[in-house]
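Here are my notes on this structure, point by point. Please keep the sequence and the 3D view open as you read.

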There are 2 protein chains.
Amino acid sequence: MPITVVGSVAYDSIETPAGRRERCLGGAATYFSLAASFFTSVRVIAVVGEDFGPEQEAVFAARHIDTRGIEHTAGKSFFWEGSYLENLNEAKTHNTELNVFAAFEPKIPAAYRDSDFLFLANIDPVLQRRVREVMPQVKLVAGDTMNYWIKDHRPALLEVLKGLDVLLINDAEVRMLSGDNNLVHAARAVRSMGPRTLVVKHGEYGATLFHETTPKGGSAERRTFRAPAMPLEEVVDPTGAGDSFAGGFFGYLAAQPELTPAAYRRAMFYGSVMGSFACERFGTERLQQLSRPEIDARFNVFRELTHLD
Amino acid sequence: MPITVVGSVAYDSIETPAGRRERCLGGAATYFSLAASFFTSVRVIAVVGEDFGPEQEAVFAARHIDTRGIEHTAGKSFFWEGSYLENLNEAKTHNTELNVFAAFEPKIPAAYRDSDFLFLANIDPVLQRRVREVMPQVKLVAGDTMNYWIKDHRPALLEVLKGLDVLLINDAEVRMLSGDNNLVHAARAVRSMGPRTLVVKHGEYGATLFHETTPKGGSAERRTFRAPAMPLEEVVDPTGAGDSFAGGFFGYLAAQPELTPAAYRRAMFYGSVMGSFACERFGTERLQQLSRPEIDARFNVFRELTHLD
C-alpha cells in the first residue's frame, strides 16, 4: 500500500575518509523514498528550488516515485555540508542553508490523500504536525526527529509524538528526549509520550524495536527485538543511513497484508539491510543502483549473521 | 572437559549509580571461573594474600572450582578501586595496588596438566606466555588483554597472540591493537597476529565473532556472527561482565563434544547471557546465586530477542 512521505529533498556536500563530493542529491525524504520504493509505491511531499532539474527528477522517476507533491519555487534547495573525518558514526555539520525550506508550507496533492501509510521525516515538528492533521485517516504513521528539535522545539515535538504510531530515533536522541540514560527506561518514557512502537537506531551496532502487541482475545504483550547492522569492509559515506533504514523498515511494513509481530521483526532486518547499502557509496548512488534480489540476498546474510541454526 | 584459567583473584571497591561496595571479591579469574563453572569443571591459577580467607574460598568451593593452584603468600591481595558514575560502559580507575601480584610466578599443579582448555585472563603477557609454554598440549587456548598491555607491553603481547586460538577483547582494544578504526579490517589484522578466532565485545550492544572454519574436504570459510546483549532494566555493576562473558563462552565450548561453527554461535549467546547476569548485582553476587535453569531461560530470551521466527 502506498506511503506518503514528507521531508527534505536537498543537496549535500560531504567529506569522509573515502573522499569528498559536492552537492550530491540528498535529504531525508530522498533517502527514505528510494529505500522504500523497493517494497511499495511512494509519494513525496517536499519543496525544491530552481537548482532541482530533470537530472534529479530522473532519480525519483527511475524508482517510480510519485513527485507530484514536490513543489518547485524560486530560490535554492535546502543545502547541508558536513564531514565524518574523525568519527564515521557522527556527522560534523559545517553549514546548513534552509533556502526554500525556510518558507515551506506542505501541500498534499489530492492524489496522495488515500495513502494508508504516512512517514514524517526529520523536519520542523510544526510541519510534521500539519501534515499529520490533514491525513487523519491513515492506518500507520511513523516519524523521525533529531537532537535539534528535541532540545529547542520540545513542546511542538511532544504534540507530534502524540499522533505517531512509530517513532524512529537514534541512541543519543532517545536518551536526550527521555532524560534517562538506561535504554529500557528511556524507551518506556518515550513510548508513554505517544508512539506505541519505538525503533532505536544504534549505528554500526544495529537497532532495537520496542513494541507492544495485543493478540486476538489476549492482553498486551511487550516485545523487544534487536536487529544487527552488518560489519562493513568500507563505510564510504554514512549520510542517509538512518533515513534508508526508515525506508526499508516502513516500506516493508506497508507491503504486508497484516502488521504482525513477525512482520515488524522482518521490517527491522530490511531497515538494517537498506541502511547498510546506503553506506557503501556516496550519497544515494548505491540505492540508485540496487535491485530487489541484492536486497533479499543481504537479508539472508543478516539472518546468518544472527541466527543460531 | 576441564578448563585451567590463570588470572587475578582480587578485591574491588566499586562505585556505580546504584551504590558503593568496599572490597568485594573480584578479579578476572574469579568472574571467569564462576561463569564457566555452570558448564564444565574449572581449575584456577592465581595468587592471593593473607586477606583471602575461608569466606572467599567458600565462594569457589560452592561452585566446585578447583583452587589448588591459588597460591597463598604473605601480604595483601591485588586491589582495584573504580567507578562508573558518568558512564556505565567504561570504568574509571581510582587506584590499583598489585600487592602480592607484583611478584607472581604462576605454578601449575600437576593435577591441572591434563586440562584440554586453557584461558589466559587479563594479566601481564609475560605471565600469560609462561603458562602457555608449560601447557603445550592443550586443545584450545583463549585469552583476554587490555589497553594497558596493548599500549605499553606490545612486544610481549604479540608473543602471546601467536600462541592463542581465540582472543576476546573489546571494541576500543581491537582498534587500538590493529591501528584500524574499521571493525572488519581491525579483526583481519588482529587475526593475522595469531588467533584464528576473534571475539570483539561491544558492551551493551553485544559481541561479534570473527571465525574461520574448514569443513571436511572443503576450503576455509570465513564466518561472522553477532550475539546481542540484552537491554537491561538496571545495570547495577558492570565490573566483571567481560570476564563473565569469557567464562560463559569458553565454558560452553569446553563442554561440547565437537567445536563446530554451531557450537561457537551458541557459545557467543552463552557468553552474552553470563555477561548480562554479572551486571545485575554488585561484584560476583549474581553469579553466586545463579542456577543452570535460569541461564537456559535467559538463553531463550536472547534467541527471541534476535530470531525472526
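1. Start with one pair of side chains. Arg303(B) forms a salt bridge with Asp309(A). Their closest N and O atoms are 3.5 Å apart. This pair crosses between chains. Arg303(B) sits in helix α11 of chain B, while Asp309(A) sits in the segment after α11 (292–306) of chain A. Bear in mind that this is a predicted model.

2. How exposed are the two partners? Arg303(B) has a relative accessible area of 26%, so it is partly exposed. Asp309(A) has a relative accessible area of 72%, so it is exposed.

3. Arg292(B) forms a salt bridge with Asp296(B), with the closest N and O atoms 3.1 Å apart. Both residues belong to helix α11 of chain B. They are four residues apart, so about one helical turn separates them. Arg292(B) has 31% relative accessibility and counts as partly exposed. Asp296(B), at 27%, also counts as partly exposed.

4. Next, look at the whole interface. Here 31 residues of chain B are in contact with 31 residues of chain A. The area buried between chain B and chain A is about 2900 Å². Carbon and sulfur atoms give 49% of that area. Three residues stand out: Tyr205(B), Arg226(B) and Leu308(B) supply 29% of the area that chain B buries against chain A, more than any other three residues.

5. How many salt bridges does the rule find across the interface of chain B and chain A? It finds six. Arg188(A) forms a salt bridge with Glu233(B), and there the closest N and O atoms are 2.3 Å apart.

6. Which elements of chain B give two or more residues to the side that touches chain A? They are α6 (171–178), α7 (183–191), β13 (221–227), α9 (261–278) and α11 (292–306). Of these, α11(B) gives the most, with five residues. By type, the residues on this side of chain B divide into twelve nonpolar, seven polar and twelve charged.

7. Consider how the copies are related. A rotation of 180° superposes chain B on chain A, with 0.0 Å of shift along the axis and an RMSD of 0.0 Å. That is the relation of a two-fold axis. The interface fits this picture. Of the interface residues of chain B, 100% are also interface residues in chain A, so the copies meet through the same surface.

8. In chain A, Arg43(A) forms one with Asp114(A), with the closest N and O atoms 2.8 Å apart. Arg43(A) lies in strand β4 (residues 42–48), and Asp114(A) in the loop between β7 (92–97) and β8 (117–120), so the pair ties together parts that are 71 residues apart in sequence. Arg43(A) counts as buried, at 13% relative accessibility. Asp114(A) counts as exposed, at 52%. Elsewhere, Glu15(A), Arg20(A), Glu22(A) and Glu81(A) are linked in a network of salt bridges.

9. Finally, is helix α1 (residues 28–36) of chain B enclosed or open? Nine of its nine residues are buried, so the rest of the structure largely encloses it. Among them are Tyr31(B), Phe32(B) and Leu34(B).

Methods:
Residues are numbered from 1 along each chain as its sequence is written. Chains are lettered from A and ligands numbered from 1 in the order in which they are written. This is a predicted model: local features need pLDDT of at least 70, side-chain atom pairs count only at pLDDT 80 or more; totals for chains, interfaces and linings use all residues. Side-chain values use heavy atoms; hydrogens and water are left out. Contact means heavy atoms within 4.5 Å. Buried area is the accessible area (1.4 Å probe) that two parts lose on being put together, summed over both. A salt bridge is a side-chain nitrogen of Lys or Arg within 4 Å of a carboxyl oxygen of Asp or Glu. Ala, Val, Leu, Ile, Met, Phe, Trp, Tyr, Cys and Pro count as nonpolar, Asp, Glu, Lys and Arg as charged, and the others, Gly among them, as polar. Copies are superposed by least squares on the C-alpha atoms of residues with pLDDT of at least 70 in both. Buried means under 20% relative accessible area, exposed over 50%, partly exposed in between (1.4 Å probe, protein chains only).
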